[in-house]
Amino acid sequence: MTAPDVQIRAYPAPRCFLCGTEGAVLYRGLEDRLFGTPGKWGVRRCADPACGVLWLDPMPFPEDIGRAYQAYYTHAEKKRHRNPRLQKVFDSARSGYLAQRYGYPFNGNKMVEGLLGLLIRLHPTRRASLDFDVMYLPHKPGGRLLEIGCGSGKLLEFLKSLGWIVQGVDFDSRAIDRAREKGLEVRWGTLQDQRYPDNFFDAVVMSHVIEHIHNPEGLLRECHRIVRDRGQITVATPNAQSLGHRVFKSDWRGLEPPRHLQVFTAPALHSLIEKVGFSRTKLLITSRGAQEIYVASQAIRRKLASSKPNALDRAMAIAFQLTELGAGLVQPDVGEEIVMIAWK
Ligand SMILES: [Zn+2]
């Protein structure tokens with residue numbers, strides 16, 4: 001499918017949508033390098049250092065933003081081709097780690113899985129990616145879970161296999177069809193459209209969704225309403241203060257104009273989560289995905305159509321991730337991804 005040639009209408013957005021401070025212009029004339037949506041976009045940064053959030057200026061109108069998604073696939077799933085034996089070892093390690101860390105049941109030999117799980121703990125990005133696989137949720141058989149922006153339901157399918165009763169919402173109807181083929185209960189539209197009852201879910205999760213939403217505060221307020229008392233929400237989103245952004249600047253993959261309407265900093269997301277009423281919070285900044293971010297940002301910088309890396313790129317991507325992990329020891333906010341966990 002090709003991108004539309006119709007311009008997205010937009011309005012000026014000089015002030016921070018969170019704190020009202022005027023933003024300084026950070027970038028001008030950015031284009032959609034991933035899906036070719038027409039238009040040029042600027043990015044502003046909130047001048048209040050305690051906030052520092054980034055946003056698009058001009059800001060696309062909500063009724064037009066769908067045009068930026070016409071060539072975008074939320075239902076595409078990457079297939080991993082691993083050696084079957086290696087895959088088995090990896091699955092055992094995952095099961096061991098999730099059992100020890102989150103109380104999920106072991107799949108096979110408890111001792112073998114337990115030992116492999118302990119090894120995983122030593123590997124910070126592998127660990128972060130397994131934490132992410134369960135969205136940092138402890139085992140709760142029969143617990144009711146909602147994923148906002150579930151795409152074709154890959155995460156929901158896995159969480160369902162671990163005993164969660166899962167539901168999803170998405171506005172990509174093709175992705176919803178794929179999810180339904182897997183027997184998942186998913187609904188089309190916005191979260192607010194669904195009118196879920198108060199205190200309905202034990203957990204609400206969203207992975208790389210909040211940066212696409214016009215009213216993140218309204219979305220989080222609705223999450224707070226539908227999650228039960230002491231229920232958990234987990235929100236993952238790109239980090240505006242990451243090493244990737246510092247290195248690649250306007251070519252950083254995390255900017256993704258015009259689909260990323262805003263890119264959060266950890267303090268800005270934290271204060272928004274508290275503002276909507278979540279009382280207990282835990283903030284994590286991880287380097288999960290740093291290699292992919294490096295490769296994709298490098299492709300944007302070189303104006304390449306595809307981000308297929310060569311051997312040197314792959315080696316540089318590993319070096320980049322290690323640098324980020326090392327830098328994270330002295331400056332914890334440089335990871336590529338913010339994970340905000342909060343309890344009502
Ligand atoms: Zn601000």
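## The zinc site

Along the chain, the donors of the zinc ion follow the spacing C-x2-C-x26-C-x4-C. Here, donors are N, O and S atoms within 2.8 Å of the metal (3.2 Å for Na, K and Ca), and water is not among the atoms, so sites may look incomplete. This is a predicted model, where local features need pLDDT of at least 70 and side-chain atom pairs count only at pLDDT 80 or more, while totals for chains, interfaces and linings use all residues. Residues are numbered from 1 along each chain as its sequence is written, and side-chain values use heavy atoms, with hydrogens and water left out.

Which protein atoms hold the donor places of the zinc ion? They are the SG atoms of Cys16, Cys19, Cys46 and Cys51, lying 2.3 Å from the zinc ion. The site is tetrahedral, with angles of 95 to 125° among its four donor atoms (four donors count as tetrahedral if all angles lie between 85 and 135 degrees). For four tetrahedral donors, the ideal angle is 109.5 degrees.

Cys16 and Cys51 link distant parts of the chain, 35 residues apart. Cys16 sits in the loop between β1 (10–11) and β2 (23–30), and Cys51 in the loop between β3 (41–46) and β4 (54–56). Strands are DSSP runs (E, at least two residues), numbered from the N terminus.

Are these two cysteines buried or exposed? Cys16 is buried, with a relative accessible area of 5%, and Cys51 is buried too, at 8% relative accessibility. Buried means under 20% relative accessible area, with a 1.4 Å probe and protein chains only.

Definitions and conventions:
Tetrahedral: all angles 85-135°; square planar, octahedral: opposite > 155°, others 65-115°. Helix = DSSP H or I, 4+ residues; strand = E, 2+ residues; numbered from the N terminus. Buried < 20%, exposed > 50% of the residue type's maximum accessible area, 1.4 Å probe, protein only.
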